[in-house]
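I opened my notebook to look up a few strands, helices and residues. Here is what I worked from.

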Amino acid sequence: MSLLLPANLQQCPSPSLSPSTPLFSPSPPTAFSFLDSRLRCLRLVTSCVASVQSTVANGSAPAPVVVEREQIRLGLPSKGRMAADSIDLLKDCQLFVKQVNPRQYVAQIPQLPNTEVWFQRPKDIVRKLLSGDLDLGIVGLDTLSEYGQENEDLIIVHEALNFGDCHLSIAIPNYGIYENINSLKELAEMPQWSEERPLRVATGFTYLGPKFMEENGIKHVTFSTADGALEAAPAMGIADCILDLVSSGTTLKENNLKEIEGGVVLESQAALVASRRALTERKGALNTVHEILERLEAHLKADGQFTVVANMRGNSAQEVAERVLSQPSLSGLQGPTISPVYCKQDGKVSIDYYAIVICVPKKALYESVKQLRAVGGSGVLISPLTYIFDEDTPRWGQLLRNLKLKM
């Protein structure tokens, strides 16, 4: 008879059992031998669990394991705005998440046949990247920092997916003794705080909060979690300030709270994250990440860019280029493309016009059109860009360097 234990318990020390001690006696079972076997099992499991609990309590987790499977697993947020924005981003990159049933937690991406999508809570995505149950994931940088705790196995593939923008910040009441407090330094130097009466911070970020305060030399501080909206904690008297995510700041203002100078812990937005071990050890993982990254980079670089095409009279491409480049908003990504426009007049082909093609960001679009007209442009056509594929993807080279792999 054998005893099967979970993978993370199989190597646990058992001081009460030596390797030569049989777990079950080969002799015929009796009431006492059966009881003795059960007691030995109990001592073994208790010792193993205690070992794991001690490891977790000391701030480290069991080493991530790459579980044998053929599919690459991508974790996406299961609910909320982050979930919808993640799926929309992949769709914009021509990666369509196909869910047979909206209640199911697993889906497919037909364009990546070796990839499964698993819908999870953001914090569980980070945890399962560490445990080896996921290979890739889209989460906020705040969640990655709080639950990843700088674990070396977590590697950021793309840190700016252009959604989920917010920042983790300290907020204090804008009334009472805090009315004239406008910086973290002033908050820390308030005479009220002592070892007996520390600054009370309500937060859900129990790793980043203490780390930030320690890095800023603030000693008399204690942290607590609060049920429901943190913004109510100071008014209820259960906290002096809060540490929470802030997007627009409207909720803070409506609850008579304010941010302070030096109180921002980190800036956050959605990021593509991977397990270092999965990328280096799982077959096909690195190629899948390369394709996802190229699609993401091409789409995100084109986001907010427009193609502007216009015709312009001129004696040569050189002359037209000089006129176009004399305007500050018409340089494009690398410079304007100037091409001859062939016209047929009286049976002969001639060049009277040149076509100008440039890429322009949305914020400079109207100004660019005005400048084109000013130098003789006409028939201006504008269309949004979908993708811009560079010769190489910069973040791909950076990823390979982080993994210590050759390009």
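Which helix does Asp85 lie in? I found Asp85 in helix α2, residues 80-92. I kept in mind that this is a predicted model.

**Entry 1: Asp85.** Then I looked up Leu161. Asp85 and Leu161 are 76 residues apart in sequence. In space, their C-alpha atoms are 9.8 Å apart.

**Entry 2: strand β1.** I moved to β1, residues 72-77. This strand is mostly covered, with five of its six residues buried. Which strands pair with it? One is β3, residues 115-120. β1 and β3 are parallel and share six bridges. In this pairing I found Leu76 opposite Phe119 of β3. Another is β4, residues 136-140. β4 also runs parallel to β1, and two bridges join them. Here Leu74 stands opposite Leu136 of β4.

**Entry 3: an open sheet.** In what order do the four strands of the open sheet stand? I noted β13-β14-β12-β15, with antiparallel pairing. Strands β13 (337-345) and β15 (377-384) are at the edges. Each has a single partner strand, so one side of each lacks a neighbour in the sheet. On average, neighbouring strands of this sheet are turned by 25° against each other, direction ignored.

I then followed β13 to its partner β14, residues 348-361. Nine bridges hold this antiparallel pairing in my notes. Lys344 stands opposite Val349 of β14.

Which helix lies across β12, β13 and β14? I found α11, residues 317-325. This helix runs at about 125° to β12, which spans residues 305-313.

**Entry 4: Ser268.** My last stop was Ser268, in strand β10, residues 257-268. Is Ser268 buried or exposed? Its relative accessibility is 5%, so Ser268 counts as buried. What does its side chain reach? I found the backbone nitrogen of Leu141 at 3.2 Å. I also listed what Ser268 touches, leaving out residues up to four places away in sequence. Among them are Gly140, Leu141 and Asp142. The list also includes Gly164, Asp165, Cys166 and His167.

Terms used:
Residues numbered from 1 in each chain as written. Predicted model: local features only at pLDDT ≥ 70, side-chain atom pairs only at ≥ 80, totals over all residues. Heavy atoms only, no water. Buried < 20%, exposed > 50% of the residue type's maximum accessible area, 1.4 Å probe, protein only. Pairing = 2+ DSSP bridges. Axes fitted to C-alpha atoms, helices over the stretch in contact; angles between N-to-C directions. Contact = heavy atoms within 4.5 Å. Polar contact = N/O pair within 3.5 Å; in protein donor to acceptor, adjacent residues only side chain to side chain.
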